[in-house]
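The entries follow the order in which I looked things up.

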Amino acid sequence: MIARLMLWLDDRLGTSAFASRALRKAFPDHWSFMLGEIALYAFAALLVTGIFLGFLFNDSNVHQIYRGPYAPLDGVSVSGAYASALRISFETQAGLVIRQIHHWAALLFCAAIVTHMSRIFFTGAFRKPRDINWTVGLTLLLLALAAGFTGYSLPDDLLSGTGLRIAASIAMTIPFIGIWIESLFFGGPFPAPQMTGRLFFTHVFLLPGLILGLVALHMAILWHQKHAQFRGAGRTEQNVVGSPLWPNYALKSLGLGFATFAVLAILGGFFQINPIWQYGPYDPAQVASPAQPDWYVGWLDGALRLGLPIDVHVFGHTIPAAFLPGVIFPLVAFTLLYLWPWIERRFTHDAAVHNLLDLPIEVPWRTATGVAFLAVFLVTTLAASDDVQARLMGVPVESLTLAYQVLVVAFPVFCWFLVYQLCREFRSRAVRRGLGERPIVEFVRSAEGGFQEHEPSNVP
Amino acid sequence: MTSPDRRRFARGVAGAAAIVSLFGSIGFAAAYVATPSAQWQGLALGFALAGLAAVFALWGTTLVSNEQVVERREMSSAPSERHSATQELEAGAEQIGRRRWLSRLLGAALGVFGIAALFPIRSFGPNPNPELFRTKWTPGARLVREDGSPVRVDELEAGSILTVFPEGFVGDASSQTLLLRLEPGTLRTAPERAGWAPQGYVAFSKVCTHAGCPVGLYRRSSHQLLCPCHQSTFDVVAGAKPTSGPATRPLPQLPLRIAADGYVRAQSDFREPVGPSFWERG
């Protein structure tokens, strides 16, 4: 059956030459290689559940009186968007579970991308030739964050409306063009009537289209370059060893995909997420308290809380205090990430092609830098709920904010030195034990007395 | 377990998982028809998918030959191809570059087209400048509650707080204002604001000067207004000056007067832009 289909296709498209190679493509087996796949499957879940929600959601900002089964809001004036999100949750069969799966899938999508990127970073997989795919992947992370935030804002509830208000204020802090950027994106000073429709269009058309295109590019590059691999017997820079695509890897990957979907289904069924009916409809004069955003934007909210209250005045103009934590901080962080493959090359002078991965302990300074970078984000994310923590601990929130302001500088520095030392320690122990199944490396001594690694493929 | 035993065991488990998945799918269809419960629907869906996951994973790891394939990789092209590609590119570029004036003109035309094509972006929103510098408060506007009822001078106890709007603009985001009545003599009035707070009535913009959230919390004992978004606090007694958190500016004060008819009215609009700071604000 399958064979006949193959031949049918080959008669028309000449696919067999490609397929015979593709079906035997090698996929290295390592648990950490599954993180990117989880992101891919989370995105698939987002598309499928998103189509369901897209058919039922109404992006109207026209207010109406809510009449429905959720009694506490009966008779309250709400926007069409909010009303339709309530209708999906309470009056549409399977609406609540699919809405919750969609939200959980978005949280998982961002989490999987971040952990996948961490794996890429700590194993040096971003080095040439994969520096190009590092930038594609990083762009996907930014698009995923934007898709998450716009989707979270769609139901027009009090919590997300407050988040949008903050986003608009952050845009306004940009010198020269800030208020224009805000006005052009939102359609006027916040809250503008065009907002809901634009967010909907951005969330269901623009961003998914871009993500889809870049996912395709990301995977085409991956396919063409072939996977990187950890060192091991028989593995060299010039080959890749792993399970064949067909049938082993295809079956395993499908297994992972369905496992991802299963986890999302259980989360969507049992774990309430974004209960917009508890927050109430957006009202610019109301505010939810405590107010915490989804986890993947917590770092920005926390950074805003830690910002110092200092406006800069230059020639009769203002650079608002929130410009530093709200714009400069993410800009610097993501610029560093984009440039990292080239920054590292500047230090190592290593422009060679790398298909064999490093273990994190093997390159202490890189691992330490990566952990320190993550530590900044960890502290700012924690700071985003400092009011809740202060109440739980019974301390004034001001003291906690101060502690976090110190920590956001001190903790990454501490992490850097700790991780650096730990890596060196583990590395020297590993060397004493012989580094597992590392292949014997041959060296050639040059006439000048230097040593160079002998490439196995050059052995006659 | 020996390898055939393991395979037999895996086959059994995979079979069981397939049956679990079957029942899960039937269960989901049944739950869809029979109950609005997200729990039952999610549970059934979870079983359907987890069963499939187990079948595929077991099949891929134990039931097919566990072979490893080795692929060679050659990333960059052969030196001759690299050379000829660069040659072709340079030869073509040289042909274009030879027409120096024409190619410069073409470059200019493309560049100007790119800039001109950006102009329609301006249609996406109005000039924000006038709106950011004013609110809906006008001289003599009555202060009304969210239900539209105006505030009379005898209606607020000392120590109470209300969200008010200019009459006719209930819910307007930039005009939202906090009206407080303090014990007479509590407020430390700056000289330029003398007469803005008659009979203990004092009004501040409710829009946080940090990131624009409504300043929604009030600690009565210490006369502190608190913004729940980023924990900025403002001292009402000192003219809503920020006392902690990331906010830099006081909440703008709305000048009030008590009219002869007993209603609390605005003397004018806020004397400075409300809400978060921006470049043009000065």
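Predicted model: local features only at pLDDT ≥ 70, side-chain atom pairs only at ≥ 80, totals over all residues.

**Entry 1: a sheet in chain B**

I began with E4(B) and E5(B), which pair in the antiparallel sense over five bridges. Two strands count as paired if DSSP finds at least two bridges between them, and the elements themselves are DSSP runs numbered from the N terminus, with helices (H or I) of at least four residues and strands (E) of at least two. In this pair, B:Leu179 has B:Ala203 in E5(B) as its bridge partner.

Residues are numbered from 1 along each chain as its sequence is written, and chains are lettered from A and ligands numbered from 1 in the order in which they are written.

On the other pairing of E4(B), strand E3 (residues 161-166) of chain B is antiparallel to E4(B) over four bridges, and B:Ile161 stands opposite B:Leu180. I then followed the whole open sheet, whose five strands come in the order E2-E3-E4-E5-E10 (chain B) with antiparallel pairing. Strand E2 (143-144) and strand E10 (253-254) of chain B stand at the edges with a single partner strand each, so one side of each is left without a neighbour in the sheet. Strand E5 (residues 201-205) of chain B is joined to E10(B) by two bridges, and there B:Phe204 has B:Gln253 as its bridge partner.

Is strand E4 (residues 177-181) of chain B mostly covered or mostly open? I found five of its five residues buried, where buried means that 20 or more other C-beta atoms lie within 10 Å of a residue's own, exposed means 12 or fewer, and partly exposed lies in between, with C-beta atoms placed from the backbone. Both faces are covered, with B:Thr177, B:Leu179 and B:Arg181 on one side and B:Leu178 and B:Leu180 on the other.

**Entry 2: where the chains meet**

I next looked up the contacts between the chains, and 62 residues of chain B are in contact with 83 residues of chain A, contact meaning that two C-beta atoms, placed from the backbone, lie within 7 Å. On the side of chain B that touches chain A, the largest share, 16 residues, comes from H2(B).

One link across the two chains is a strand pairing, since strand E4 (residues 239-244) of chain A and E1(B) are antiparallel over four bridges. Here A:Asn239 stands opposite B:Arg72.

I also checked B:Ala53, which, leaving aside neighbours within four places in sequence, is in contact with A:Gly255, A:Phe258, A:Ala259 and A:Ala262.

**Entry 3: a helix in chain A**

Chain A has 16 helices and eight strands, and buried residues make up 42% of its 460 residues. I tested the length of helix H14 (residues 364-383) of chain A: at 1.5 Å a residue, its 20 residues should span 28 Å, and the end C-alpha atoms are 28 Å apart, which agrees. The expected span is 1.5 Å times one less than the number of residues.

The buried residues of H14(A) include A:Arg366, A:Val371 and A:Ala383. They pack against helices of chain A, among them helix H5 (95-122) and helix H16 (397-433).

Most residues other than glycine have a negative phi, and most peptide bonds are trans.

A:Ala94 has a phi near 65°, a positive value in a residue other than glycine, and with 18 other C-beta atoms within 10 Å A:Ala94 is partly exposed. A:Phe315 is not a glycine either, yet has a positive phi of about 45°. A:Phe315 lies in the loop between strand E5 (312-314) and strand E6 (317-319) of chain A and counts as exposed, with 5 C-beta neighbours inside 10 Å.
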